Protein chains: 2
Amino acid sequence: MRLHSTTSADGVTEQLFTLGEIPGVLWTPDGATGPRPLILIGHGGGQHKKAPGVVARARLFAAGGGFAVASADAPNHGERPQEERFSRIAAQNRARMAAGEDTASLVAALHELVAGQVIAEWQAVVTALQQLSQVGDGPVGYWGVSMGAGLGLPFVAAEPRVRAAVLGLAGSPGLAATAARITVPVQFLVQWDDERIPRDQSLAVFEALGSAEKTLHASPGSHMDLPRSEADDSLRFFARQLR
Amino acid sequence: MRLHSTTSADGVTEQLFTLGEIPGVLWTPDGATGPRPLILIGHGGGQHKKAPGVVARARLFAAGGGFAVASADAPNHGERPQEERFSRIAAQNRARMAAGEDTASLVAALHELVAGQVIAEWQAVVTALQQLSQVGDGPVGYWGVSMGAGLGLPFVAAEPRVRAAVLGLAGSPGLAATAARITVPVQFLVQWDDERIPRDQSLAVFEALGSAEKTLHASPGSHMDLPRSEADDSLRFFARQLR
C-alpha cells in the first residue's frame with residue numbers, strides 16, 4: 001500500500017492511498033494512535049471514494065466515534081478505468097432511468113459484473129489498513145446503500161472480520177439469497193417511495209437477513225432522500241456494535 | 001386534580017394523582033422546577049399506568065431527557081371498574097388469542113369502545129398537569145404501542161398540543177384512516193413477526209400517516225419482543241422533537 005497526501009480539517013485526518021490499482025481514502029481522528037474499529041464505506045453507483053455522502057459519513061464516524069473509516073473506488077468508478085462492457089450496461093441503465101422504466105435487472109447485472117472482484121479488493125484493503133498502527137486489527141464495520149449494498153451484501157456475507165453493517169436501498173431476489181448468509185447485526189435502510197427499488201424487494205432482503213439482531217429503518221422519500229438523522233443513527237449503531 | 005403519595009428513586013420523583021375518576025402517575029427528575037416538555041405514555045391492553053414497560057420508559061425519559069412523563073389507567077384498566085360489555089369482548093379476545101385465531105376485529109372493537117372517552121380524559125390530564133410549575137405548558141409528546149397506539153392514534157390526531165409521537169404495533173383499516181389526519185413527526189414501531197397485527201396492516205398505517213417527518217423502525221420478533229434499543233431511540237427522538 002502506498003500512502004499519498006495527508007490533510008486535516010475539523011479534527012479529522014484524511015489520507016489518500018493506493019493498493020495495487022485501487023485508489024482509496026482513510027479518515028482517522030487527528031493524532032490517532034493505537035488500534036480502533038475500522039468502518040469501510042461502499043459508495044453508490046456512478047459515485048466514487050470521495051462522493052459528498054461518503055465524505056460526510058466518514059467525517060462523522062471518525063470525529064464522532066473515534067473510528068478509522070475507509071473508502072475505495074469500486075471497479076469502473078472514480079479514478080479507475082471503465083471497461084467497455086460496464087460502460088454499455090451503465091448507459092442502458094441511465095436511458096431506462098430517464099425513461100422511467102424498471103432498471104432492477106440491469107442494476108443487478110452491473111453489480112454482478114463487479115461483485116466478485118470487489119470482495120477480494122475490499123478484503124485486501126482491510127488487511128493493508130489494519131497494518132497501520134492507528135488502525136490495528138480491531139473489529140470491522142461496513143456502511144453501504146444502493147450499489148454500496150449491492151456489493152456490500154456479498155462482501156459482508158463473505159468477510160468474517162465484518163462484525164456489523166448498515167445496508168439498504170437495495171433489493172433483488174439474488175440479494176435476498178445473499179442476505180440469508182449474513183449473521184452479524186444489521187441496520188437496513190429503506191426509502192418508502194424509492195423509485196428504483198420495488199418496496200417488496202427491499203423488505204424481502206430485510207426479511208431474508210440471517211442476523212439475529214437486525215432493524216429496518218424506513219423513511220418517506222425517494223432513493224436519494226435518505227434523511228440526515230440516519231447518519232447519526234448509523235454512528236450510534238456502530239458505537240454500540242464495534243466498541 | 002388531587003396529588004397523592006410522592007416517592008423518589010434513582011433521580012426520578014414519582015407522584016400518584018387522580019383527576020376525577022382517572023388514576024394516574026407523574027414522573028419528573030428529582031428537584032425539577034420550571035417548565036419542561038411532557039410525554040404522555042399510553043399503556044397496552046390488559047396493562048395499567050404502572051405496568052413494567054410503562055415505568056421503565058417513564059424513568060428513562062425523565063432521568064435521561066429531563067422530561068415530565070405521565071400515564072393514566074385507561075377506562076376498564078388498572079384501578080378502574082370494568083364495564084360488563086368491555087369484559088365480555090375482552091374475554092372473547094383472550095379465548096381467540098389462546099386458540100391462535102385472528103383477533104384484529106375484536107381488538108378494533110375494544111379500542112373503539114373506549115377511544116372517544118379516552119381522548120377527552122387524556123386532554124384533561126394534560127391540561128391539569130400543565131398547571132403544575134414543574135411541568136408548565138411546553139410541547140407534549142405521546143408514546144404508545146399496541147392498545148397505546150390504537151387509542152393514541154386518534155388522540156394524537158385530535159390534540160394539537162402533541163408535537164411528536166412514537167406509535168406502533170397496531171394496524172387496521174380504521175387506524176390507517178385516523179393516521180392520515182396526523183401531521184406531527186412520528187416514529188412508528190413494527191415487530192416483523194407480530195402474531196397479532198398483520199404486517200401489511202402495520203405498514204399501511206405507517207404509509208397513511210400524514211406526517212412529513214416519519215420513520216418506520218421494524219425489528220424481528222413477536223408482539224411483546226420490542227427491543228430495548230427502541231426505548232433509547234424513542235428518548236433521542238423526543239429530545240430532538242420537543243427540545
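How many residues of chain A are in contact with how many residues of chain B?

**View 1. Contact between chain A and chain B in the predicted model.** The contact, defined by heavy atoms within 4.5 Å, involves 18 residues of chain A and 18 residues of chain B. The two chains bury about 1,500 Å² between them, with 57% of it on carbon and sulfur atoms; buried area is the accessible area (1.4 Å probe) that two parts lose on being put together, summed over both. On the chain A side, A:W192, A:P220 and A:R236 lose the most area to chain B, together 31% of what that side buries.

**View 2. Salt bridges and polar contacts across the interface.** Two salt bridges are found (side-chain nitrogen of Lys or Arg within 4 Å of a carboxyl oxygen of Asp or Glu). One of them joins A:R199 to B:E207, with the closest N and O atoms 2.7 Å apart.

**View 3. Strand β9 of chain A against strand β9 of chain B.** The two strands, each covering residues 214-219 (DSSP runs of E, at least two residues, numbered from the N terminus), pair in the antiparallel sense over three bridges; pairing requires at least two DSSP bridges. A:H217 has B:H217 as its bridge partner.

**Notes.** Residues are numbered from 1 along each chain as its sequence is written, and chains are lettered from A and ligands numbered from 1 in the order in which they are written. In this predicted model local features need pLDDT of at least 70, side-chain atom pairs count only at pLDDT 80 or more, and totals for chains, interfaces and linings use all residues, while side-chain values use heavy atoms, with hydrogens and water left out.

Note on methods. Polar contact = N/O pair within 3.5 Å; in protein donor to acceptor, adjacent residues only side chain to side chain. Helix = DSSP H or I, 4+ residues; strand = E, 2+ residues; numbered from the N terminus.
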